[in-house]
Amino acid sequence: MSLLTQLLQRLVVGNELATVPRVVSSVRQIYHHVEKPKPGGGRSFRRIVHYPEEYTVRPLDVTNLGGRDPASGRLVAKGIGGGIKHKYHWVSWKREGPSDGPAQQERVVKIIKDGCRTAYVALVACGNQLKYILATENMKAGDIIRTSMHIPRIPVRPHEGDAYPLGALPLGTQVHNIEKYPGAGGILVHAAGTYATVVRRTTDQKIVIQLPSKLEYCLPQHCMCTVGRLSNVEHGKTPIGSAQRNRELGNRPRSGLWKRKTGIHVNYTHTRTKHELAAITSEHRPPLCAQTIAIMAEFTLNLGETLDQKVLGFKSDPEKMKEIHEFLNELFEKACIEAEHRQVADGVGLERKTKFDAIGLQNGTKRIGAWSNRARGLMSRVITAICNCTNSVRNATTTNRT
């Protein structure tokens, strides 16, 4: 190693010896910057499907990525990994048919479940060709479906599973597998149980559809679509049920933040420190304003007095008794006015007496009970007013002393 170091230190530049020492580092310590892609943009980093050169209905092989970039092997998307391995069924997104004349008829051979998508898949035969399409809600084996690219003057009467241009369908039709551009293949509405609705037509020969997300798209009328709602409607309403079932679907735990014992969002000792509140003393109390101090100074009450002494003191105060007399006089005036109104009303109602009122007992009992209730309510209000005055004075005095 020393000989190799001496040889490297004697480098010849031109015809001269270089006396500058060179540092030789290990390959492991060299940093290589790797461009790691960001998730999104139509890439899920969940699987790679190995497509052949020609279309086939044979189940295709799949390489599961587990959230890693296939080029660098770096982890890009978290929460992906494991799960049951499934074969991929190549769905034909283009529904092509004749532009004129009768529609092309196809027969549904069977309905299968594809583990790589949520909706069911239907194997369709036309002549000597087989292909997979997305199955609708009520589609079953043996059904005849039609495909046409002709736009008639009058909207057609579509059936579930038929494929027509958007301009050939009546308003309010439920559709899925919709093209954004004519001939590009179905791009919109592929999830299980979803559908879009044909809302209205525009003056420039375009059709407005409403997606499941309530977004509206204005598309050319020659864009092809499939009629009906997609199959597996209960998919969105079915709970996963257990953590094991979630792992079988290829989903890993997203983080350790919510673990039952060691998660930082559950064990609060890792997230915050508990501080006890300081005891409130007289120094921390807010100062009283001058108006409050003046009001408290007016009320002076001896808490050692008995109830009889307090009543005598209350009666001996002319101002308080004057207020009570004014309050009672006001109540009596209101009662008299109400009684006069009741007498006038009773005089008007004499013409409407029944055979039970002729005895004179029933109405008399009601009137006596009503007047007794009014008197009882009047006395309760008077006593309540007096007690409230006494309690307010006592509370103010207690606060002033403390």
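In S15, which residue is the bridge partner of lysine 206?

Reply: The partner of lysine 206 in S15 is proline 220. The model is a predicted one, in which local features need pLDDT of at least 70 and side-chain atom pairs count only at pLDDT 80 or more, while totals for chains, interfaces and linings use all residues. Residues are numbered from 1 along each chain as its sequence is written, and side-chain values use heavy atoms, with hydrogens and water left out.

The strands around this bridge can be described in order. Helices (H or I, at least four residues) and strands (E, at least two) are DSSP runs numbered from the N terminus, and two strands pair if DSSP finds at least two bridges between them. S14 and S15 (residues 216-220) run antiparallel and are joined by five bridges. Besides the bridge of lysine 206 to proline 220, glutamine 210 has glutamate 216 of S15 as its partner. Glutamine 210 is also the S14 partner of threonine 197. S13 and S14 pair in the antiparallel sense as well, over four bridges.

Both pairings are hairpins. Four residues separate S13 from S14, and glutamine 205 in that turn has a positive phi of about 60°. The hairpin of S14 and S15 has five residues between its strands, and in this loop lies lysine 214, with a positive phi of about 70° although it is not a glycine. Most residues other than glycine have a negative phi. Here buried means under 20% relative accessible area, exposed over 50%, and partly exposed in between (1.4 Å probe, protein chains only). By that scale lysine 214 is exposed, at 61%. Valine 189, in the loop between strand S12 (186-188) and S13, also has a positive phi, of about 65°, without being a glycine. In contrast to the exposed lysine 214, valine 189 is buried, at 12% relative accessibility.

A nonpolar core is a set of buried Ala, Val, Leu, Ile, Met, Phe, Trp, Tyr and Cys residues joined through side-chain atoms within 4.5 Å. The largest such core has 24 residues, and those with the most contacts inside it are Leu166, Val175, Ile178, Val189, Ile209 and Leu219. Strands S6 (121-126), S7 (129-134), S13 (196-201), S14 (206-210) and S16 (224-227) are the elements that each give two or more residues to this core. A contact means heavy atoms within 4.5 Å. Leaving aside residues up to four places away in sequence, isoleucine 178 touches Leu166, Gly185, Gly186, Ile187, Leu188, Val189, Ala196, Ile209, Leu219, Met224 and Cys225. Another core, of seven residues, lies apart from the largest one, with Ala122, Val124, Ile133 and Ala135 among its members.

Elsewhere in the chain there are aromatic contacts. Rings of Phe, Tyr and Trp (its six-membered ring) pair if their centres lie within 6.5 Å; planes under 30 degrees apart count as stacked, over 60 as edge-to-face and the rest as tilted. This rule gives three aromatic pairs. Tyrosine 51 and tyrosine 88 have ring centres 6.0 Å apart and planes at 85°, so they form an edge-to-face pair. Tyrosine 51 is in the loop between strand S3 (47-49) and strand S4 (62-64), and tyrosine 88 in the loop between S4 and strand S5 (104-112), so that the pair links parts of the chain 37 residues apart. Tyrosine 51 is partly exposed at 43% relative accessible area, whereas tyrosine 88 is buried at 11%. The rings of tyrosine 55 and tryptophan 90 have centres 5.1 Å apart and planes at 50°, so this pair is tilted. Tyrosine 55 lies in the loop between S3 and S4 and tryptophan 90 in the loop between S4 and S5, so the pair ties together parts 35 residues apart in sequence. Tyrosine 55 is partly exposed, at 34%. Together Tyr51, Tyr55, Tyr88 and Trp90 form one aromatic cluster.

For the whole protein, there are six helices and 16 strands, and buried residues make up 24% of the 402 residues. As to confidence, pLDDT is the predictor's confidence in each residue, from 0 to 100. Its mean over the protein is 78, and 66% of the residues reach 70 or more. It stays under 50 over residues 11-25, for which the model has 11 contacts beyond four places in sequence, and also over residues 350-366, with three such contacts. Where pLDDT is low, the predicted coordinates should not be read in detail.
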